[in-house]
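Work through the exercises below with the structure open. Each task is followed by a solution in steps.

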Amino acid sequence: MAFVALGIGIVVGLTGMGGGALMTPVLVLFFHVTPLAAVSSDLVSAAVMKPVGGYVHLRGGTVRLDLVKWLCLGSVPAAFCGVLVTRALGDGTGVDDAVQRALGIALIVAASGLFFRAYLRLSERARNRDASREPDPGGPPDIVVRRLPTVIVGIVGGLVVGMTSVGSGSLMIVVLMLLYPTLRASSLVGTDLVQAVPLVASAAIGHVFFGDLQLSITGALLVGSIPGAYIGAQLSSRLPGALIRRALAFVLLASSLKLLGVSTTMTLVVLATLAVLAGPVWMGLRFAHGFPALPAHERRANAAQTAAGKRVHRQDVR
């Protein structure tokens, strides 16, 4: 568990998502932990893990504290209420089954959100037409905080997190992209990680009192996830998270299908079909937005353009 938590912690620090969306189904499917115990243990460990990545982003200036305030206004009480809703579903097998179904549905939404997030980024690059803009001179771009929609996002996200432990990164970061499309990826990740700290803490407190917390599981998760989150946050400014997000989408979809009771054969068929179709569909979207179908061609073109610009600059100096 600690070794798996290390890898998941790195993903969380690097991309801002994948904590509950990966940790909880892994506990259920591979370690045979009951769904309610998995949700409870994951939330408590996340309450300790997320501040590590959030601190790194705060120090790097990639957090919009004005957004964090309005998100938490809705998410913190809603997360605690999500725990109460889960307990109201009943005890024993009934509540475990309900949590498992809710988790499966949340993972499907999260996997879809990853694709939607990538598409929004592609559209943003198409609008700007230069994918490697210089850093903003005065820090993050100015945005008008949309208070009511932001609070509503917090309420819905908090309720989902309280019930399933999924959504603090996988779901809410996608909605934030829709509300604030001018925010850079680093600001989105940093803002989401910091707002998730009180959100997850509220849900964790609820599960400590009303859930099925198992300290042995929580301890193993903390041993791996804390250093993992720190490593991932350090890497987030150096490595692209696109490849990790693509792999994460496949993992989320596979986990959701298994949690919903889909057979292994059908799960493999769905994943194989998606693997075959995803590449051509994405290449078609890139081409429709004016980019080369293959990213490698774009990188070569950018490198050639940069080299040509340097040659012109040297000639001008002479």
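A nonpolar patch, as used here, is made of residues with over 30% relative accessible area and no salt bridge, whose nonpolar side chains are joined within 5 Å. The model is predicted.

**Exercise 1.** Determine which residues form the nonpolar patch on the surface, and which helix gives the most to the patch.

Solution.
- Step 1: The patch consists of Leu84, Ile205, Val208, Phe209 and Phe210.
- Step 2: Together these residues have about 480 Å² of accessible area.
- Step 3: Helix 8, residues 185-210, gives the most, with 4 residues.

**Exercise 2.** Classify Phe210 and Leu22 as buried, partly exposed or exposed.

Solution.
- Step 1: The cut-offs are under 20% relative accessible area for buried and over 50% for exposed, with partly exposed in between.
- Step 2: Phe210 lies in helix 8. Its relative accessibility is 36%, so Phe210 is partly exposed.
- Step 3: Leu22 is found in helix 2, residues 19-29. Because its relative accessibility is 9%, Leu22 is buried.

**Exercise 3.** State how far apart Leu22 and Ser255 are in sequence and in space.

Solution.
- Step 1: In sequence, 233 residues separate Leu22 and Ser255.
- Step 2: In space, the C-alpha to C-alpha distance between Leu22 and Ser255 is 8.3 Å.
- Step 3: For the protein as a whole, 84% of the contacts with a separation of 6 or more are between residues 24 or more positions apart.

**Exercise 4.** Describe the secondary structure and the surface of the protein.

Solution.
- Step 1: There are 12 helices and 0 strands.
- Step 2: Of the 318 residues, 45% count as buried.
- Step 3: The protein exposes about 15100 Å², of which carbon and sulfur atoms supply 69%.

Notes:
Residues are numbered from 1 along each chain as its sequence is written. This is a predicted model: local features need pLDDT of at least 70, side-chain atom pairs count only at pLDDT 80 or more; totals for chains, interfaces and linings use all residues. Side-chain values use heavy atoms; hydrogens and water are left out. Patches are made of residues with over 30% relative accessible area and no salt bridge: like charges are joined within 9 Å, nonpolar side chains (Val, Leu, Ile, Met, Phe, Trp, Tyr) within 5 Å. Accessible areas come from the Shrake-Rupley method with a 1.4 Å probe; for residues, only the protein chains shown count as cover. A salt bridge is a side-chain nitrogen of Lys or Arg within 4 Å of a carboxyl oxygen of Asp or Glu. Helices (H or I, at least four residues) and strands (E, at least two) are DSSP runs, numbered from the N terminus. Buried means under 20% relative accessible area, exposed over 50%, partly exposed in between (1.4 Å probe, protein chains only). Contact means heavy atoms within 4.5 Å.
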